[in-house]
Amino acid sequence: MPIDASLVGRAFPPTSPVPVTTEAVTAFATAVGGGAVASVPPTFPIVVTFAALQDFLAAEQIELSRIVHGDQRFRYARPVVVGDELTATLTVTGVRSIGGNDIIATSSEITDATGAVVCTATATLVHRGGAA
């Protein structure tokens, strides 16, 4: 089923807060093949961004198995630090169809417990079309 282009501009509810702990940072660094880290890796916000993506997919009844991750970028207002509590609000910024697949552009604003923007994560997702 094609993705509804009327989703462009729609913001989804914020995720539950994700605490940035030493344990969470170590687990993330280990999962991505890194060793001990002195600071939070710059890609750590993907943890909260992925939660926002999963909420979006569930709300729109889109199967994760039909999604191919095309691109991911982070634009920082400040570094993430241990002790932060992060929340992400995903907005659909574009939907287009190419070759029977839907290309979905998203932007997730990641904020701390005070509501200040920490970073903005943008992603391009490919929703694979059904078999002909």
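Arginine 73 and aspartate 71 form a salt bridge, with their closest N and O atoms 3.0 Å apart. Please keep in mind that this is a predicted model. Of these two residues, arginine 73 is exposed, at 53% relative accessibility. Aspartate 71 has 27% and counts as partly exposed. The cut-off for exposed is over 50%, so arginine 73 falls in that class.

How many salt bridges does the structure hold? There are 4. I will go through some of the others.

Take arginine 10. Its partner is glutamate 60, and the closest N and O atoms of this salt bridge are 2.7 Å apart. As for accessibility, arginine 10 is partly exposed, with a relative accessible area of 38%. Glutamate 60 is also partly exposed, at 22%.

Now arginine 78. It forms a salt bridge with aspartate 112, and here the closest N and O atoms are 3.0 Å apart. Arginine 78 belongs to the loop between S2 and strand S3 (85-98), while aspartate 112 belongs to the loop between strand S4 (101-111) and strand S5 (117-127).

Is aspartate 112 buried or exposed? Aspartate 112 is buried, because its relative accessible area is 12% and the limit for buried is under 20%. Arginine 78, at 25% relative accessibility, is partly exposed.

The last topic is empty space. Rolling a probe the size of a water molecule over the atoms shows where such space is left. In this model, the largest pocket holds about 210 Å³ of space. It is lined by 14 residues, and those closest to its centre are Met1, Ile3, Glu60, Gln61 and Ile62. Glu60 has come up already, as the salt-bridge partner of arginine 10. What classes of residue make up the lining of the largest pocket? The lining has 5 nonpolar, 4 polar and 5 charged residues.

That is the end of my part.

How values were computed: Residues numbered from 1 in each chain as written. Predicted model: local features only at pLDDT ≥ 70, side-chain atom pairs only at ≥ 80, totals over all residues. Heavy atoms only, no water. Salt bridge = Lys/Arg side-chain N within 4 Å of Asp/Glu carboxyl O. Buried < 20%, exposed > 50% of the residue type's maximum accessible area, 1.4 Å probe, protein only. Helix = DSSP H or I, 4+ residues; strand = E, 2+ residues; numbered from the N terminus. 1 Å grid on protein atoms, 1.4 Å probe; cavity = no way out; pocket = protein on both sides within 12 Å on 5 of 7 lines; lining within 4 Å. Points joined across faces, edges and corners; volume = space filled by probe spheres on them. Nonpolar A, V, L, I, M, F, W, Y, C, P; charged D, E, K, R; others polar.
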